[in-house]
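Subject: Structure handover

Hello,

Here is the structure we talked about. Please open it and keep it beside this email as you read.

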Amino acid sequence: MAVVRYFVADVDEALGFYVDRLGFVLVRRFGDALAIVSRGDLTLWLSGPQTSAARPMPDGRRPEPGGWNRLVIEVEDLAAAVEALRREGVVFRNDVVSGPGGQQVVIDDPAGNPVELFQEG
């Protein structure tokens, strides 16, 4: 099982996105600071600004949402997933692209963290 921590600006907003739009299940909630969700073998920690992990590093850098490293969610029908998420107003970083292993598209969660949807084939 993989565990990933994503920094988010608002835990409630992130929960709505991952649970309601991407099919994750709420495992545990720690107030407004942290929520743990899962989907299959992936556990995702949605870490708000109040968590200890969001404290500045010794060199002054602050953990924050966004970037390009991302979790990948495999889907059976990418076109249907894209259509449903567009209707929900989800932000897309790109259009669907094809490569040697299949097709993919990158969306943003409400905090700007990237999530890749991937269909093999």
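Below are the findings, starting with the strands and ending with the rings.

Please keep in mind that this is a predicted model.

Start at strand 8, residues 102–108. Is it enclosed or open? Of its 7 residues, 5 are buried, so strand 8 is largely enclosed by the rest of the structure.

Look for Val 97, which stands opposite Gln 104 in strand 8.

The hairpin of strand 8 and strand 9 has 5 residues between the strands. In that hairpin, Gly 112 takes a positive phi near 95 degrees.

**Salt bridges**

How many salt bridges does the structure hold? There are 8. As background, side chains of opposite charge can pair when their charged atoms come close.

Take Asp 12 and Arg 29. Their side chains meet in a salt bridge of 2.6 Å, N to O. Asp 12 belongs to helix 1 (residues 11–21) and Arg 29 to strand 2 (residues 25–30), so this pair ties together parts 17 residues apart in sequence. Asp 12 is partly exposed, at 45% relative accessible area. Arg 29 is partly exposed too, at 32%.

Next come Glu 88 and Arg 21, whose side chains form a salt bridge at 3.4 Å, N to O. Glu 88 is in the loop between helix 2 (78–87) and strand 6, while Arg 21 is in helix 1. The two are 67 residues apart, and the pair links distant parts of the chain. Glu 88 is partly exposed, with a relative accessible area of 46%. Arg 21 is partly exposed at 35%.

Now go to Glu 116 and Arg 70. The closest N and O atoms of this salt bridge are 2.9 Å apart. Glu 116 lies in strand 9 and Arg 70 in the loop between strand 4 (42–47) and strand 5 (71–74), so the pair ties together parts 46 residues apart in sequence. Is Glu 116 buried or exposed? Its relative accessibility is 8%, so Glu 116 counts as buried. Arg 70 is partly exposed, at 33%.

There is also a network: Asp 12, Arg 29 and Asp 32 are joined by salt bridges that share partners.

**Rings**

The structure holds 2 aromatic pairs. Phe 17 and Tyr 18 pair edge-to-face, 5.0 Å centre to centre, with 85 degrees between the planes. Both Phe 17 and Tyr 18 are buried. Tyr 18 and Phe 24 also form an edge-to-face pair, at 5.4 Å and 90 degrees. Phe 24 is buried. Ring pairs link Phe 17, Tyr 18 and Phe 24 into a cluster.

Two arginines lie over rings as well. Arg 86 lies over the face of Phe 92, 4.1 Å from the ring centre. Arg 93 lies over the face of Trp 68, at 4.1 Å from the ring centre.

Best wishes

Conventions
Residues numbered from 1 in each chain as written. Predicted model: local features only at pLDDT ≥ 70, side-chain atom pairs only at ≥ 80, totals over all residues. Heavy atoms only, no water. Buried < 20%, exposed > 50% of the residue type's maximum accessible area, 1.4 Å probe, protein only. Helix = DSSP H or I, 4+ residues; strand = E, 2+ residues; numbered from the N terminus. Pairing = 2+ DSSP bridges. Salt bridge = Lys/Arg side-chain N within 4 Å of Asp/Glu carboxyl O. Phe/Tyr/Trp six-rings, centres within 6.5 Å; stacked < 30°, edge-to-face > 60°. Lys NZ or Arg CZ within 6 Å of the ring centre and 35° of its normal.
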